[in-house]
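Please look through the sequence and the structure shown here before reading on.

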Amino acid sequence: MRYVLRLILLSALLTWLIACAPLTPQPQPGQAKLRVVATTTIVGDVVANVAGDAIELSVLLPSGADPHLFNPTPQDVAKVSQADLVFANGAGLEAFLDGLLESAGAKEKTFAVSEGIQLLESASHAHEEAHSQEGEHSHEAEHGHEGEHAHRHGEGDPHVWLDPNLVKVWVQNIARVLSEKDPQNASLYQRNAEAYTAQLDELDRWIRQEVEKIPAENRLLVTDHLMFGYFAQRYGFTQVGAVLPGFSTLAEPSAQELAQLEDTIRQYGIKAVFVSKAVNPDLAQRVAEDTGVKLVFLHAHSLDQSSPANTYLNLMRYNVSAIVEALK
Ligand SMILES: [Zn+2]
């Protein structure tokens with residue numbers, strides 16, 4: 001009898017021990033999550049889709065901010081210096097980035113999601129490429145990511161996200177970097193990346209259908225600055241001109257350049273000037289009034305939670321619908 005009692009006590013003790021000391025250590029809720037900072041709301045949304053709840057994400061730029069002109073605050077510097085990982089668009093979009101990373105000592109932990117995308121270059125930079133021996137060589141190795149890496153230039157067009165097929169490259173990059181930093185959740189990141197890629201493919205199919213509604217001769221884009229290069233290339237538009245003659249809103253047009261743009265608008269029978277919500281519309285407004293064409297606002301650089309453009313996928317749908325409406 002004493003033996004049976006001892007056995008019962010022993011098994012109760014064992015049960016208690018097992019319950020108290022799990023064999024594998026469980027992560028504490030709210031602890032040990034990767035602290036990630038994304039620069040723009042659009043980068044942040046794509047990171048959130050890949051990471052789900054597995055990371056602690058904060059986004060640097062407020063809704064509606066122009067990433068070309070953004071000025072980080074001391075709080076932004078602190079946020080970046082405390083982060084485990086920083087995701088930026090890269091490709092020269094965030095003019096503030098180098099200074100910020102230097103102040104925060106954060107160069108090592110920063111990753112450009114556009115890494116590996118071959119950037120479009122303006123005509124004035126194309127000749128530099130032709131002169132470059134290295135440029136010639138890297139063309140041969142272009143199939144791999146390493147080869148394309150050699151093509152990156154600060155002066156290229158940074159607006160890669162306006163082609164959802166290039167956001168698929170972001171998704172791969174984000175999933176890879178998160179998995180390296182946080183291998184325990186690698187399979188989660190991979191699954192989320194695949195699911196979001198399927199949504200990007202669906203968006204691409206939808207855009208192709210919508211663009212069909214615009215007569216081919218009307219597929220001409222005039223914008224506030226040159227932001228639709230990748231979109232135009234993918235969906236068969238021509239980017240005829242821009243009020244600010246560059247890839248950044250830092251560019252300033254001369255009176256002569258503005259007059260030329262107005263001539264072009266009249267000559268091609270352009271139906272609308274498209275302006276990014278994040279950008280000062282005054283000059284574009286003047287061009288639209290001078291030429292008698294519509295001014296159409298798009299959400300090109302930032303999500304806006306109080307508008308239909310509250311996610312990247314919805315932002316693209318909003319923009320495409322507005323373009324189709326204006327040009328069909
Ligand atoms: Zn821009």
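Leu34 belongs to strand S1, which covers residues 34–38, in a model that is predicted. Its relative accessibility is 10%, and because buried means under 20%, Leu34 counts as buried.

Apart from its neighbours within four places in sequence, Leu34 is in contact with Ala54, Ile55, Glu56, Asp84, Leu85, Leu178, Lys181 and Asp182. Ala51 is 17 residues from Leu34 along the chain, and the C-alpha atoms of the two are separated by 10.0 Å.

## The zinc site

Which residues coordinate the zinc ion? Four histidines do so, each through its NE2 atom, namely His68, His159, His225 and His301, at 1.9 to 2.1 Å. The angles among the four donor atoms run from 103 to 114 degrees, and the site is tetrahedral.

Along the sequence, the donor residues follow the spacing H-x90-H-x65-H-x75-H. His159 is found in the loop between helix H7 (145–149) and helix H8 (164–181), while His225 is in strand S5 (residues 220–225), so this pair ties together parts that are 66 residues apart in sequence. Both His159 and His225 are buried.

## Helices H8 and H9

Two packed helices are described by the angle between their axes and the distance between the axes. For H8 and helix H9 (residues 186–211), the axes come within 9 Å and cross at roughly 175 degrees. Angles over 145 degrees count as roughly antiparallel, and H8 and H9 are therefore roughly antiparallel to each other.

The residues of H8 that take part in the contact include Pro164, Val167, Val171, Ala175 and Leu178.

## Helix H13

Helix H13 (residues 312–327) has 16 residues, which at 1.5 Å a residue should span 22 Å, and the C-alpha atoms at its ends are 23 Å apart, which agrees. The buried residues of H13 include Tyr312, Leu313, Leu315, Met316, Asn319, Val320, Ile323 and Leu327. An α-helix has 3.6 residues a turn, so residues three or four places apart point the same way.

## The chain as a whole

The chain has 13 helices and eight strands, and of its 328 residues, 48% are buried. When contacts between residues at least 6 apart in sequence are considered, 66% of them join residues at least 24 apart.

How values were computed
Residues numbered from 1 in each chain as written. Predicted model: local features only at pLDDT ≥ 70, side-chain atom pairs only at ≥ 80, totals over all residues. Heavy atoms only, no water. Donors = N, O, S within 2.8 Å, 3.2 Å for Na, K, Ca; no water. Tetrahedral: all angles 85-135°; square planar, octahedral: opposite > 155°, others 65-115°. Helix = DSSP H or I, 4+ residues; strand = E, 2+ residues; numbered from the N terminus. Buried < 20%, exposed > 50% of the residue type's maximum accessible area, 1.4 Å probe, protein only. Expected span 1.5 Å × (residues − 1). Axes fitted to C-alpha atoms, helices over the stretch in contact; angles between N-to-C directions. Parallel < 35°, antiparallel > 145°, perpendicular 65-115°, else oblique. Contact = heavy atoms within 4.5 Å.
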